[in-house]
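Here is a briefing on a predicted model. Please read it beside the sequence and the coordinates.

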Amino acid sequence: MEKHVMQYQTVHFNLNGKDVERTVDVRASLTDMLRNDFRMTSVKKGCEVGECGACNVLIDGEAFNSCIYLAVWAEGKRIRTLEGLLGPNGELSDIQQAFVDEAAIQCGFCTPGFILTAVEILESGKEYTDAELRKLLSGHLCRCTGYENILRAVKKTMYKRLGKPMPEQ
Amino acid sequence: MSKSVGKSVVRVDAYEKATGRAKYMDDLCGREALVAKICHSTIAHGFVKSIDTAEAENIPGVVRVLTCFDVPDLPFPTAGHPWSTDPGHQDVADRLLLNRHVRYYGDDVAVVIAENEVAAAQAVRALKVEYEELPFVLDVQKAMEPDAPQIHDEFPGNVLKHTDIRKGNYEEARKEPGLIKVEGWYDTPTVQHCHIENHGCFAYMEAGRVVVVSSTQIPHIVRRVVGQALGLPWGKVRIIKPYIGGGFGNKQDALYEPLCAWCSTQVGGRLVKLECAREETFVSNRVRHAIRTHIISYVRPDGTLVARKFEAFSNQGAYASHGHGVVAKGMGAFPQLYPCDNLECDCWTVFTNRPAAGAMRGYGIPQAMFAGESHIDDICKAIGMAPLEFRRKNLMPVGYVDGFSKNELYTDTFNQCLEKGMAAIDYQRKVVEYQNQTGPIRKGIGLAMFWYNTAVWPISLESSSCRMVLNQDGSLQFQTGETEIGQGCDTAYSQMVADAVGIPVEDVHVVSSQDTDVTPFGTGAYASRQTYVGSFAIQQTATALRERILNIAHEQTRMPVSNLDLVDGQIVRKTDGRVLKSLGDLATECLYSLEHSQHITAETTAQIKTNAYSFGCSFAEVEVDIPMCKVKLLNIINVHDCGRLINPALAEAQVHGGMSMAIGYGLSEELKFDEKTGKPLNNNLLDYKLSTFMDHPTLQAEFVENAEPTSPFGTKALGEPPACSPAPAIRNAILNATGVAIDCCPITPHVLYRKFKEAGLIAD
Amino acid sequence: MYDMKALYQAKDVADAVALRLAHPEAHIIAGGSDVLVQMREGKRAGVELISIQGLNELRGVSLEEDGTLRIGSLTSFSHITRDPLIQQYINVLGEAVDQVGGPQIRNIGTIGGNTCNGVTSADSASTLHAWDAIVELTGPNGVRRQPIHDFYIKAGKVDIREGEIQTAILIPKESYENTFGHYIKYAMRNAMDIATLGTSVNVRLSADKKTVERARVAFGVAGPVPLRAKTAEAVAAGKPASMELAEAFSQAVKEDINPRDSWRAAKDFRMHIAVESAKRAFIESVRLAGGEL
């Protein structure tokens with residue numbers, strides 16, 4: 001077998017509002033780098049092929065499965081993980097609090113990925129129907145909740161941010 | 001007195017999980033860990049003749065290559081059952097750490113330990129495994145044929161076990177003139193749990209003992225199995241269960257903890273991590289038994305069940321794991337849900353060359369309910385009776401007592417659940433509205449009941465231990481062997497502990513992680529026993545703790561114990577309700593007393609010798625697009641009587657999850673195998689169709705609360721029951737819409753195409 | 001961590017071409033949602049990769065001077081769906097790629113990758129075939145343009161030559177003008193799925209909206225590569241729009257398609273769904289074009 005020549009590259013990017021740099025093996029996925037080099041435990045591994053959404057992060061405001069994204073592609077990007085949502089004194093953001101309040105969390109393994117996609121949805125500032133929200137959240141699999149309370153949490157936060165009352169079912 | 005039980009208290013682990021701080025197995029593993037990767041067989045049945053490891057061992061970063069020729073000859077069982085001291089009731093010990101006799105496509109034949117995952121994967125690919133291939137069999141009934149391939153020498157004919165139930169005289173009774181015979185075969189698929197965190201573990205040695213941190217539901221059982229598999233005294237094994245990302249029964253087996261532990265012992269006790277890839281989780285962990293059921297009912301035209309025959313063939317796959325208990329539980333439901341005087345019931349658990357089937361949410365009941373409740377609607381169609389009317393006439397009556405378990409139906413649960421569900425979905429109106437449809441797109445409504453038994457008594461031991469350790473601020477630490485796996489038991493426990501002891505729920509600190517070195521013995525998370533079984537231990541231990549506290553209060557206040565109470569964390573004089581002192585002051589004074597220092601704790605084991613029925617039903621409304629062979633689920637409602645709700649919000653959430661899983665079971669999920677090779681075809685989350693966010697409508701959960709009299713908190717099963725009745729309700733709704741009786745699940749477009757063609761609904 | 005032998009990151013198109021020539025064995029990686037998955041599976045393990053992920057010049061949708069709609073090859077599915085030019089001229093393409101996988105896949109997946117992997121089930125492919133898209137490839141000898149029908153050679157194999165990368169997908173004005181289409185993805189679930197069958201139909205009606213001037217239909221998964229059903233198109237061309245025509249059009253697709261039996265679906269089932277989907281997509285296309293049936 002031909003020997004692999006180790007290849008490292010220094011990546012500069014912004015992680016949760018802070019400029020950082022790391023020298024990484026070019027073979028690393030963004031999941032690998034965030035978990036191993038930055039100890040971001042919110043970035044979960046559920047399938048490693050982009051089917052479950054547990055490793056989701058926001059890159060320049062859009063949701064990506066970090067498992068199928070090379071770490072070196074982070075160069076110059078603005079990356080957000082769930083860790084970045086927390087206030088300085090550990091305060092939960094509104095969407096995290098909604099997940100807590102609506103019992104949208106069970107085993108918790110899909111939770112970080114879902115919350116970050118919810119952030120992308122909420123930051124669009126738009127009002128979506130239930131069907132649209134279901135589609136926007138459909139890149140995440142959850143086996144515990146049947147998605148029901150996750151929908152409630154996102155919807156509730158959306159209306160709260162829009163300053164509108166939540167419509168009755 | 002403020003009560004916590006019955007309130008929707010926020011999950012004790014919600015903050016940790018909402019922030020991503022909750023530590024799961026891989027979050028705790030040192031980055032220096034060696035990586036173990038398994039080489040799985042690429043044949044469905046045969047013997048490993050040789051494994052050439054030379055090329056693999058030369059790959060840089062590879063530390064050790066271990067094969068099926070290296071493992072200890074210690075067959076071990078894997079099922080997450082309490083151990084039986086009676087050898088006749090022990091689980092079947094039928095596998096080794098790595099197997100020369102491979103029995104399914106994906107069996108474990110070798111393992112590579114390497115410095116990183118890339119080297120490990122390269123080395124696994126570089127292994128040259130030579131097999132002697134044998135014929136294989138995937139179908140459960142073909143495996144019972146005389147010339148079928150033999151999978152385990154100890155089980156000729158591949159039958160792991162056969163049991164039966166006989167009542168009255170079936171053969172005589174069915175001769176009654178005027179009876180209508182209804183016969184059906186019902187197939188359920190091999191499915192997988194698909195918890196989002198795959199199973200994985202890491203192991204290392206410390207002080208001559210092996211430590212395994214694992215994503216498991218059953219740490220104490222895994223300790224025993226690791227000991228058995230490695231030939232170690234059980235005290236030399238320590239298992240730690242951190243937060244886990246779902247289990248649903250898959251992690252109610254010892255999975256790769258024994259192999260990982262052994263790997264560590266083979267590299268000088270170094271830290272070794274073994275994580276299943278999703279593809280391995282589907283095939284080389286556990287699956288749900290595919291069960292084929294044959295039911296014959298002889299019915300009078302008025303809907304009276306006169307004689308019934310039930311045969312179930314359970315596809316065990318390659319290894320015994322949970323074995324016969326699964327189909328036996330399903331068969332057990334049959335005579336009880338619709339009692340009949342003349343019965344012949346048989347069930348067989350049969351080895352095949354599929355992945356090993358183990359426990360999965362419902363433990364035989366989803367299969368039994370799909371068959372049984374589909375069959376009830378087939379009877380209704382045959383005799384022209386409304387499905388609701390037939391059920392009301394034949395369902396288990398109030399006062400029914402099962403002779404074996406002594407379970408009793410205390411209240412009119414079934415009718416209460418039916419009433420609630422009918423009102424919620426507007427059943428009667430829709431039944432009328434959906435009559436006589438003719439277009440290409442038709443709607444239908446269906447229902448199905450379920451039977452469920454909360455815990456495992458009297459089939460197995462039911463025992464639960466817990467420990468309460470009082471802090472000097474009046475709060476306490478609570479530990480139990482029953483595990484939080486996402487279902488929310490830690491929160492329910494904190495509520496029960498608060499009420500049982502008499503302190504605010506905020507003052508209960510549940511220790512969520514189990515560590516067999518520290519945690520009192522408990523068999524873990526399985527059946528739907530957590531709140532039921534745990535509540536006995538909590539009640540008993542709280543009583544012991546209160547007694548100690550009140551005795552100390554007596555010493556400190558000089559009031560007689562009979563005039564003292566502990567309410568909301570305060571020592572209260574009963575006669576006038578005066579607060580004498582806080583529990584915190586009591587505990588501090590007590591511990592630091594120069595005369596009589598005491599650390600106030602209590603620990604007890606409760607053996608539970610009762611069990612409880614947990615019943616309910618599902619209603620489903622569908623729209624069937626006949627030319628497109630598609631079913632759209634419009635509405636679905638589950639109604640449960642799980643006794644008193646400990647935490648309504650978490651109970652509702654639990655039902656949602658079970659319904660979602662059952663919708664997949666009914667409509668889309670099936671692990672498929674290549675008939676020519678036995679190779680699994682869709683062992684990934686793209687090709688295995690579990691429900692996405694867009695695949696179901698609003699899930700509605702309703703409850704009827706009849707307090708369970710045997711339980712200290714009036715509670716009983718809710719974990720598995722939600723997964724039991726939605727699939728047949730959907731099937732029956734499709735029957736209602738189209739007149740087509742489907743004989744299997746999942747009811748995919750492929751199945752509908754075939755059935756609609758047979759029925760002449762579509763032509764080509 | 002991925003088992004790759006080496007990674008070469010292209011700075012611009014010229015650099016990508018140079019890297020292609022310097023490393024002819026290397027595989028091109030754009031978004032990564034196919035390449036990395038196959039690398040992990042072992043199919044592409046140990047290969048060299050040329051990443052064109054950073055070539056922002058290949059992102060975005062524009063109109064060329066002659067009215068040709070130009071879609072940069074690295075434009076992600078979600079950006080295609082949201083693009084105003086796509087919504088104005090070929091909305092069905094935006095709708096089709098909005099059914100790929102889930103949102104995160106639509107953020108990383110590119111139309112170039114979707115066509116270059118040569119897969120018959122690609123959600124963009126049937127629509128691009130039905131709209132006579134042109135594939136633009138840039139190589140050492142400059143730009144080469146090729147009809148998408150010719151770009152697909154066989155399952156998993158497309159016509160990318162030495163030193164080339166795909167740089168754009170073009171939709172000629174003649175193709176999109178006054179044309180309305182509908183895509184039906186037939187899959188086993190409503191998200192995170194690959195097509196069991198993809199059906200893309202588009203029509204151009206006469207000024208009075210009574211006659212079908214041109215109908216085009218292409219399928220994914222009805223053959224080893226996406227394919228057009230020319231017999232059906234001929235049946236519809238020049239005929240009055242009617243339910244009878246929809247029926248005749250859809251029955252005629254059977255002449256041209258050749259789905260296969262696989263564990264994912266049986267041939268006869270795919271055939272049946274193709275006919276029904278063609279009918280429904282035709283009806284919807286006529287409706288979108290302002291016609292009545």
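In chain A, 14 residues of domain 1 touch 12 residues of domain 2; two residues are in contact if their C-beta atoms, placed from the backbone, lie within 7 Å. This is a predicted model: local features need pLDDT of at least 70, side-chain atom pairs count only at pLDDT 80 or more, and totals for chains, interfaces and linings use all residues. Residues are numbered from 1 along each chain as its sequence is written, while chains are lettered from A and ligands numbered from 1 in the order in which they are written.

**Domains of chain A**

- Domain 1 of chain A covers 8-81, and domain 2 of chain A covers 94-162; the bounds come from an automatic or database domain assignment.
- Their C-alpha centres are 22 Å apart.
- On the side of domain 1 of chain A that touches domain 2 of chain A, β3 (56-59) and β4 (62-65) of chain A each supply at least two residues. Helices (H or I, at least four residues) and strands (E, at least two) are DSSP runs, numbered from the N terminus.
- β3(A) gives the most to that side, with three residues.
- That side of domain 1 of chain A has six nonpolar, five polar and three charged residues. Here Ala, Val, Leu, Ile, Met, Phe, Trp, Tyr, Cys and Pro count as nonpolar, Asp, Glu, Lys and Arg as charged, and the others, Gly among them, as polar.

**Chain A against chain B**

- This contact takes 42 residues from chain A and 50 residues from chain B.
- On the chain A side, α2 (94-101), α3 (111-123), α4 (130-136) and α5 (148-162) are the elements that give two or more residues.
- α2(A) gives the most to the side of chain A that touches chain B, with three residues.
- By class, the chain A side divides into 21 nonpolar, 12 polar and nine charged residues.

**Helix α5 of chain A**

- α5(A) has 15 residues and spans 21 Å from its first C-alpha to its last, close to the 21 Å expected at 1.5 Å a residue. The expected span is 1.5 Å times one less than the number of residues.
- Its buried residues include A:Ile150, A:Leu151, A:Val154 and A:Met158. A residue is buried if 20 or more other C-beta atoms lie within 10 Å of its own, exposed if 12 or fewer, and partly exposed in between.
- The cover over the buried residues of α5(A) includes α2, α3 and α4 of chain A, together with α17 (648-667) and β27 (699-703) of chain B.
- A:Gly163 follows α5(A) and has a positive phi, near 70°.

- Chain B is assigned domain 1 (32-134 + 199-275), domain 2 (290-456 + 611-758) and domain 3 (463-607).
- The C-alpha centres of domain 2 of chain B and domain 3 of chain B lie 40 Å apart.
- 22 residues of domain 2 of chain B contact 17 residues of domain 3 of chain B. The domain 2 side has 13 nonpolar, seven polar and two charged residues.
- The largest nonpolar core holds 417 residues, and B:Val111, B:Val112 and B:Ala123 are among those that touch the most other members. Such a core is a set of buried Ala, Val, Leu, Ile, Met, Phe, Trp, Tyr and Cys residues joined through C-beta atoms within 7 Å.
- B:Val112 touches B:Ala120, B:Ala123 and B:Val124, among others, with residues up to four places away in sequence not counted.

- Nine of the 10 residues of α4(B) are buried, including B:Ala120, B:Ala123 and B:Val124.
- These buried residues pack against β1 (34-40), α3 (54-57), β3 (62-67) and β5 (108-114) of chain B.
- 22 residues of chain B contact 17 residues of chain C. α4 (117-126) and α19 (749-758) of chain B are the elements that give two or more residues to the chain B side.
- α4(B) gives the most to that side, with five residues.

**Chain C**

- Chain C has 13 helices and 14 strands.
- Its C-alpha trace spans about 60 × 45 × 30 Å along the principal axes.
- Buried residues make up 58% of its 293 residues.
- C:Val13 lies in helix α1 (residues 13-22) of chain C. C:Val13 counts as partly exposed because it has 18 C-beta neighbours inside 10 Å.
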